[in-house]
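Reader: I would like a close look at one part of this model, worked through residue by residue. Please give the cut-offs along with the values.

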Amino acid sequence: MKKLHYYFMFSMMLFFSCQQEENIYSCDSEINDYIKSNISEIQVMSRAEFLKIEKDLQPSIFSAFTVKQKQQIWLDKYKDALKLNWTNKEREHIISLIQYIQNNRIYFENPKKYEDEISIFAYKWRQYAENVLMWDNNTIYNMVYDPGSLTKDSQNKLIIVKENNISEKTDITIFTKKLKTREENTPPPPTIKCSCNEKANDCGTTGLMTCRKWNCIAVYGCGFLFQAVCDGGCYRNDL
């Protein structure tokens, strides 16, 4: 009887261990299944390939990246950004992001555990950008809420470089097209429910979309440097 009891306890421990180890990348079952089936390809994906993926799909793909990939997505962005014209203070503020990413690998490995530390840094970084550098919301958004490459337009305004869509037929493009089709047939938006952070309201710079909270699985890949939980979906304001 005692042996049976120990066997039962061991089986339960093994069961719960397996449950905890299961990785979830999206609360959308179709996206989650796709990522799980293609995890090997995703974990060798280049930054250029990643930036050509639909915006709503990026957080889920990012959550499946290795820690090194997550860091490199942002490090490459800021190293390229430093080639643009900045004031000394602006340049130092961008360098502070590079230092933060390089020195805090563990934040990308376990953002849930270090949520407070990440939030404090993000708040201080944004306050300096707003109050000292006088950056507007669009500039800040393009700097830390969108992993896309940066450039400046003819009016010296900071904008995201538009990436060309992947032309060849790969699994990711076929899947993205499927999502677009699903979006047309599934009103109202969002198509992907857990693809933004309600507090950050990271739904772009147009002002046409708002992040509304959902009862989402705790997947991290939204907000500041994609280190916040994805707890909402982007809705059009006119719906």
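Is Ile140 buried or exposed, and what is its relative accessible area?

Author: Ile140 is buried, with a relative accessible area of 0%; buried means under 20%, exposed over 50% and partly exposed in between, with a 1.4 Å probe and protein chains only. The model is predicted, so local features need pLDDT of at least 70 and side-chain atom pairs 80 or more, while totals for chains, interfaces and linings use all residues. Residues are numbered from 1 along each chain as its sequence is written, and side-chain values use heavy atoms, with hydrogens and water left out.

Ile140 lies in helix 10, which spans 137-144; helices (H or I, at least four residues) and strands (E, at least two) are DSSP runs numbered from the N terminus. Leaving aside residues up to four places away in sequence, Ile140 touches Trp125, Arg126, Ala129, Glu130, Trp135 and Tyr145, where contact means heavy atoms within 4.5 Å.

Trp125 and Ala129 belong to helix 9, and both take part in its contact with helix 7. On the helix 9 side that contact includes Ile118, Phe121 and Tyr128 as well. Helix 7 contributes Lys89, His93, Ser96, Leu97 and Tyr100. By class, the contact has 7 nonpolar, 2 polar and 1 charged residues; Ala, Val, Leu, Ile, Met, Phe, Trp, Tyr, Cys and Pro count as nonpolar, Asp, Glu, Lys and Arg as charged, and the others, Gly among them, as polar.

Two packed helices are described by the angle between their axes and the distance between the axes. For helix 7 (residues 88-103) and helix 9 (residues 115-131) the angle is about 170 degrees and the axes are 11 Å apart. Axes are lines fitted to C-alpha atoms over the stretch in contact, and angles run from 0 to 180 degrees between N-to-C directions. The two helices are therefore roughly antiparallel, a label for angles over 145 degrees.

Met134 sits in the loop between helix 9 and helix 10. Phi of Met134 is near 60 degrees, a positive value in a residue other than glycine. Most residues other than glycine have a negative phi.

Terms used:
Parallel < 35°, antiparallel > 145°, perpendicular 65-115°, else oblique.
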